[in-house]
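Here is a short report on one protein chain.

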Amino acid sequence: MTLTRTRLTIGIAAALLVLVTALVAPPSIGGAADHLDSPLVAQDGSTDINDVYVFESPGAADSTVLIMTVNPAAGVMSDTTFNRDARYEFLVDTDGDAVQDTTYEITFKKTENGTQELKLKTKGDKPRLSARGQTGEIINVDGGGTLTAGLYDDPFFFDLAGFQNELAFTGDDFFAGLNVSAIVLEVPNSALGTSGDAIGVWARIEVGGTQIDRMGRPAINTVLIPTGTKNAFNAGIPSNDQSAFRDEVVASVTALSGDAAYAEALADVLLPDVNTFTIGNSEGFLNGRQLADDVIDAELNVLTNGAFTAGDGVNANDKAFSNVFPYLASAHPTN
Ligand SMILES: [Ca+2]
Ligand SMILES: [Ca+2]
Ligand SMILES: [Ca+2]
Ligand SMILES: [Ca+2]
């Protein structure tokens with residue numbers, strides 16, 4: 001390695017370390033995809049969105065799968081139940097203005113005999129999907145599709161300790177053995193639009209009319225938004241992202257890549273913070289996000305403008321994903 005490249009690598013590591021040191025506070029799980037990403041969400045895991053996935057159904061090319069996970073380290077640091085006062089929402093923009101045209105809202109009742117009743121309803125101008133059932137059940141959706149909610153293996157994989165140790169990655173998956181609570185909704189493509197259409201998908205959680213968390217792509221808030229702005233980002237809406245958070249994203253990407261012009265261009269891709277997805281397209285990230293996508297390696301590469309290519313050494317989840325609904329791996333044993 002030349003001296004220049006060594007300096008560059010050290011510079012990137014130092015820049016990342018500055019960001020990480022600034023952004024990551026105890027508990028140490030902070031700094032993951034979107035686990036414990038702001039002071040507000042860290043108070044209650046059941047309203048902390050960890051990750052959002054959007055992908056073509058492996059079993060049915062005419063269907064799209066939407067997943068959100070909450071309760072980081074469920075059963076250890078978080079509860080294993082959903083918040084009965086919260087609205088869990090998947091939002092879908094079908095006309096490119098980063099404003100939702102259809103919202104799938106899931107709500108839960110109190111825990112009885114170990115399960116919670118849940119209800120799906122649709123708001124907006126697309127066909128109405130609705131469902132009612134219990135956590136842990138596979139529920140048929142009226143209007144087409146399938147819904148479930150419950151405890152699963154955390155599908156996110158990342159050498160978080162290595163990241164926090166100046167990118168000294170050892171390939172140790174910090175999330176191995178940990179669970180999350182997940183909501184999995186598979187919908188007919190016809191409910192979203194026409195095959196080939198580009199849509200934007202994100203998730204949000206509201207309690208009592210206040211938006212606690214929202215997320216599109218992984219690690220946008222965690223890595224690119226400064227600590228003092230994280231609650232505001234989570235309270236924001238994608239259609240305001242360019243005006244409200246562009247300066248922060250450009251500053252962070254400039255620090256990581258050393259290239260202000262590159263940062264300006266990338267800010268046009270990263271904001272608004274939605275998963276862009278082409279209906280009927282089976283590719284993964286950045287076309288939506290599939291469970292097995294190594295999004296951390298992809299983002300380390302993109303954010304450093306190709307300077308950091310090694311990845312974190314964790315290339316897959318600790319448990320195999322399934323090709324059938326709900327696609328997630330089963331929960332690890334809990335005590
Ligand atoms: Ca979060
Ligand atoms: Ca729209
Ligand atoms: Ca896992
Ligand atoms: Ca990786």
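What share of the 335 residues in the protein chain is buried? Buried residues make up 48% of them. A residue is buried if 20 or more other C-beta atoms, placed from the backbone, lie within 10 Å of its own.

## Basis

This is a predicted model: local features need pLDDT of at least 70, side-chain atom pairs count only at pLDDT 80 or more, and totals for chains, interfaces and linings use all residues. Residues are numbered from 1 along each chain as its sequence is written, while chains are lettered from A and ligands numbered from 1 in the order in which they are written.

## Overall fold

The protein chain has eight helices and twelve strands. Both are DSSP runs, numbered from the N terminus: helices are H or I, at least four residues, and strands are E, at least two.

Along the principal axes, the C-alpha atoms fill a box of roughly 60 × 45 × 35 Å.

## The five-stranded sheet

One open sheet has the strand order S1-S2-S9-S8-S7, with antiparallel pairing. Strands S1 (51–56) and S7 (139–140) stand at the edges with a single partner strand each, so one side of each lacks a neighbour in the sheet. Pairing requires at least two DSSP bridges between two strands.

S2 (residues 63–70) and S9 (residues 179–188) pair in the antiparallel sense over eight bridges. Met 68 has Ile 183 in S9 as its bridge partner.

## Helix H8

H8 spans residues 295–303. Its buried residues are Val 295, Ile 296, Glu 299, Leu 300 and Leu 303. Seen down the axis of H8, they fall within an arc of 130° (taken from the directions from the helix axis to the C-beta atoms), so they line one face of the helix.

Asn 305 follows H8 and has a positive phi, near 55°.

Methods
Buried ≥ 20, exposed ≤ 12 C-beta atoms within 10 Å, placed from the backbone.
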